[in-house]
Amino acid sequence: MSKYLVTGGAGYVGSVVAQHLLEAGHEVTVLDNLSTGFRAGVPAGAAFVEGDIRDAGKWLDASYDAVLHFAAFSQVGESVVKPEKYWDNNVGGTMELLAAMREAGVRRLVFSSTAATYGEPEQIPITESAPTAPTNPYGASKLAVDHMISGEAAAHGLAAVSLRYFNVAGAYGSCGERHDPESHLIPLVLQVAQGRREAISVFGDDYPTPDGTCIRDYIHVADLAEAHLLALDAATPGEHLICNLGNGNGFSVREVIETVRKVTGHPIPEVIAPRRGGDPAVLVASAKTAVDRLGWRPSRADLAGIVADAWQFAQQRERATEE
């Protein structure tokens, strides 16, 4: 059994990873300031500390085998109008976390990075060697942290893995998406099915894709969580390994909407809206590095299954709210 600190473990991905760690028999401490996470999201069996990553040194000591770092602001739109918030927390906070790890002698890290580090891709599928040119401060802040981790590994022997997610979706047990405000496509379409919004906005139907709408690579959150456990084993002192996590294929906005119609049995009205600035037509990952280096293979690539899990979680939340 190992002991892990999960920063941001009350959020969507962090809570699912914490649950997987517990199921694997490990000891887990979740550190979260609940600014975007939810206390109810912390899985049973995990110790919980309400606090900021800047204060991680108060709890981190040599008894911890590694840190899994999810604590970050992640709203692209907000990052454009409040870039200082993202530099301060995502970059400044991580710098202090790395210092606390160094002081405590904790020399293993798995970092929640993002495909937003690539910006508008030159080639599809996207590999880790693709140019990094983020189009917003959120992606830039994550890329800055990746650079910071590379320096830490080279100078101080940190064993580190950054996992660059594509579109995470689905739910696992009692853990699922509950962003406020919600910005992800699948939960937004499910809100239409629940009657919580009248229609779903389709931002652009004139892209150079088969149906004119953007194509994205969707990965089930449970597959994503399993990659983090494998990354802990693969982390090598002095190396910063970067891996994309995706299924290697994509679904268009209209395909997602149609899948939600089939899964829920509800009509989903669409409203065509103008394109959003900085939205690439296609974002699809090459996960070959994760397959080769981590031994990872996603097993839940079926879009209908991903939507069904998310729909079950959305209904559970609705019933809990009514009670």
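This is a predicted model: local features need pLDDT of at least 70, side-chain atom pairs count only at pLDDT 80 or more; totals for chains, interfaces and linings use all residues.
If we set aside the neighbours within four places in sequence, Val263 is in contact with Ala304, Val307, Ala308 and Trp311. The C-alpha atom of Val263 is also separated by 10.0 Å from that of Asp309, a residue 46 positions away along the chain.

Gln194 belongs to the loop that runs between helix H5, residues 185-193, and strand S8, residues 200-203. Its relative accessibility is 15%, and since buried means under 20%, Gln194 counts as buried. The side chain of Gln194 also makes a polar contact, at 3.3 Å, with the side chain of Arg196, and between these two, just after H5, Gly195 adopts a positive phi of about 80°.

Helix H5 itself deserves a word, because 9 of its 9 residues are buried, so that the helix is largely enclosed by the rest of the structure. The buried residues are Leu185, Ile186, Pro187, Leu188, Val189, Leu190, Gln191, Val192 and Ala193.

Let me turn now to the sheets, beginning with the one of 7 strands. This is an open sheet with parallel pairing, and its strands are ordered S3-S2-S1-S4-S5-S6-S11. Its edge strands are S3, residues 47-50, and S11, each of which pairs on one side only. On average, and ignoring direction, neighbouring strands of this sheet are turned by 20° against each other.

Within that order, S1, residues 3-7, and S2, residues 27-32, run parallel and are joined by 5 bridges, with Leu5 standing opposite Thr29 in S2. Helix H1, residues 12-23, packs on the sheet and touches S1, S2, S4 (66-69) and S6, while its direction makes about 165° with that of S2. Helix H6, residues 221-234, lies across S1, S4, S5 (108-114), S6 and S11, and runs at about 160° to S6.

At the S11 end, strand S6, residues 159-165, pairs with S11 in the parallel sense over 6 bridges, and the bridge partner of Tyr165 in S11 is Leu245. Although S11 is an edge strand, this strand, residues 240-245, is mostly covered, with 5 of its 6 residues buried.

The loop between S2 and S3 contains Leu34, which is partly exposed, with a relative accessible area of 25%. Not counting residues up to four places away in sequence, Leu34 touches Ala10, Arg39, Phe48 and Glu50. Between the C-alpha atoms of Leu34 and Gly9, which are 25 residues apart along the chain, the separation is 9.5 Å.

There is also an open sheet of 3 strands, in the order S12-S9-S14, and here the pairing is mixed. The edge strands are S12 (251-252) and S14 (282-283), each pairing on one side only. Strand S9, residues 215-216, runs antiparallel to S12, to which it is joined by 2 bridges, and Phe251 in S12 is the bridge partner of Arg216.

Finally, a helix pair. How do H3 and H4 lie relative to each other, roughly parallel or roughly antiparallel? The axes of H3, residues 83-104, and H4, residues 137-156, come within 9 Å and cross at roughly 20°; because angles under 35 degrees count as roughly parallel, the two helices are placed in that class. H3 passes H4 in a right-handed crossing. The residues making the contact include Tyr86, Trp87, Asn90, Val91 and Thr94 of H3, and, on the side of H4, Tyr138, Ser141, Ala144, Val145 and Met148 are among them.

Note on methods: Residues are numbered from 1 along each chain as its sequence is written. Side-chain values use heavy atoms; hydrogens and water are left out. Two strands pair if DSSP finds at least two bridges between them. Helices (H or I, at least four residues) and strands (E, at least two) are DSSP runs, numbered from the N terminus. Buried means under 20% relative accessible area, exposed over 50%, partly exposed in between (1.4 Å probe, protein chains only). A polar contact is a pair of N or O atoms within 3.5 Å; within protein, one must be able to donate a hydrogen and the other to accept it, and residues adjacent in sequence count only if both atoms are side-chain atoms. Contact means heavy atoms within 4.5 Å. Axes are lines fitted to C-alpha atoms, for helices over the stretch in contact, and angles run from 0 to 180 degrees between N-to-C directions. Angles under 35 degrees count as roughly parallel, over 145 as roughly antiparallel, 65 to 115 as roughly perpendicular and the rest as oblique. A crossing is left-handed if the near helix is turned anticlockwise from the far one by less than a right angle, and right-handed if clockwise.
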